Amino acid sequence: MSHESDRITTPITPDLLRGALDLERTEHGLLPHRLPARARAQFTEGDLATVETQPSGVRLVFRTRATVIELDALRTKMAYDGAPPRPDGLYDLLIDGLPAGQAGVGGGNVLQVDMATGAVRPRSGPPGTVRFAGLPDRAKDVEIWLPHNEITQLVALRTDAPVEPLPDTGRRRWVHHGSSISHGSDAASPSTTWPALAATLGGVELTNLGLSGNALLDPFTARALRDTPADLISVKIGINLVNRDLMRLRAFGPAVHGFLDTVREGHPTVPLLVVSPILCPMHEETPGPSAPDFSELAEGRLRFRAAGDPAERAFGKLTLGVIREELAEIVRRRGGGRPPRRRPGAPPRRVGRPCRPPAPRGRSCRRRSW
């Protein structure tokens with residue numbers, strides 16, 4: 001039986017972390033970032049600063065014989081006025097690629113958000129400890145996936161046997177960028193976001209640049225993709241542009257081309273997958289912005305409605321249907337492909353025009369459980 005006096009403290013160094021693009025030393029420890037310092041110097045919005053420091057896809061990776069692993073961490077958790085407390089973030093333990101445990105950490109900071117005004121009130125708290133015990137007494141590859149929905153500062157790593165970096169296995173590297181769906185919105189745990197599951201099934205190393213609410217064709221994000229080593233890159237574009245009502249059709253096409261051109265500067269031959277938006281009924285034919293509906297917030301459910309007008313498509317406002325057609329045309333042109341074949345008797349294709357009756361205004365897109 002091991003005792004606390006037997007614990008070995010191992011410095012948390014970059015060779016023990018994967019999935020982060022930058023590591024910042026703070027007064028408490030090591031803060032993983034999913035955007036590099038150069039990018040962070042080019043935006044001032046607090047929302048993006050929060051989500052890029054939520055370490056979706058970031059994990060500690062090492063080899064050890066340890067039967068006990070303890071990780072001190074300082075979390076920053078989100079809380080919302082009028083809503084029940086959100087579930088605590090989880091740390092997923094994988095041993096030799098298989099799930100081997102889950103744990104949370106207590107204490108920490110809280111960002112209390114008034115969703116009606118956007119005001120944020122911070123509260124401070126102490127670090128906590130994540131502990132995994134009873135692990136097999138043999139050499140093994142260990143992964144600890146950090147909470148995808150809590151800012152996490154890593155303070156100390158302790159084990160009852162030495163730790164060494166995991167050697168490079170030569171696995172292919174996948175870099176993905178998308179919205180909250182890619183970030184892990186409502187995922188049960190960090191290793192079960194869809195990019196994490198896809199990476200596991202595909203046997204690839206994941207860098208997840210899913211940025212909740214912030215897949216906005218930002219040039220600094222394109223440069224981050226350009227400068228990150230990759231064997232496959234995927235970008236999911238659309239929903240955040242609509243629900244923020246950020247741009248019009250005239251700007252959208254050139255912005256997509258510019259974003260992809262920047263990525264291609266660093267990866268001229270790497271496979272590049274452009275993913276169009278998944279179904280969201282309220283914005284299929286109705287433009288944004290999205291407006292929150294707080295009527296069920298006390299029960300832990302937050303709904304959204306489309307606040308735009310379908311008639312505004314004539315003035316270049318974006319819907320998901322418009323974006324899908326425009327992306328298909330952009331990819332066709334960049335790939336030198338032929339236009340899609342029309343069914344006999346089908347009307348001529350008109351980019352940016354409705355292909356079916358508009359959805360009713362105010363239709364809910366999805367329900368989010370807190």
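Here is a short tour of this predicted model, one selection at a time.

Before you click, residues are numbered from 1 along each chain as its sequence is written. Local features need pLDDT of at least 70 and side-chain atom pairs count only at pLDDT 80 or more, while totals for chains, interfaces and linings use all residues, and side-chain values use heavy atoms, with hydrogens and water left out.

**Stop one: a hairpin**

Select residues 22-25, strand E3, along with residues 30-33, strand E4. Strands here are DSSP runs of at least two residues (E) and helices are runs of at least four (H or I), numbered from the N terminus. E3 and E4 make a hairpin with four residues between them. They pair in the antiparallel sense over four bridges; pairing takes at least two DSSP bridges between two strands. Click Leu23 and you'll find its bridge partner in E4, Pro32.

Now look at both faces of E4. Leu30 and Pro32 sit on one side, Leu31 and His33 on the other, and all are buried (under 20% relative accessible area with a 1.4 Å probe, protein chains only; over 50% is exposed, and in between is partly exposed).

**Stop two: aromatic rings**

The whole structure holds two aromatic pairs. Rings of Phe, Tyr and Trp (its six-membered ring) pair if their centres lie within 6.5 Å; planes under 30 degrees apart are stacked, over 60 edge-to-face, the rest tilted.

Select Phe43 and Phe220: this pair is tilted, at 5.4 Å centre to centre with 40° between the planes. Phe43 is in the loop between helix H1 (37-40) and helix H2 (46-52), and Phe220 is in helix H5, 177 residues apart. Both Phe43 and Phe220 are buried.

Next, pick Trp174 and Trp194, whose ring centres are 6.1 Å apart with planes at 45°, so this pair is tilted. Trp174 belongs to strand E15 and Trp194 to helix H4, so the pair ties together parts 20 residues apart in sequence. Trp174 is buried at 8% relative accessible area, whereas Trp194 is partly exposed at 37%.

**Stop three: a charge over a ring**

Show Arg59 and Trp145. Arg59 lies over the face of Trp145, 5.1 Å from the ring centre (the rule: NZ of Lys or CZ of Arg within 6 Å of the ring centre and within 35 degrees of the ring normal).
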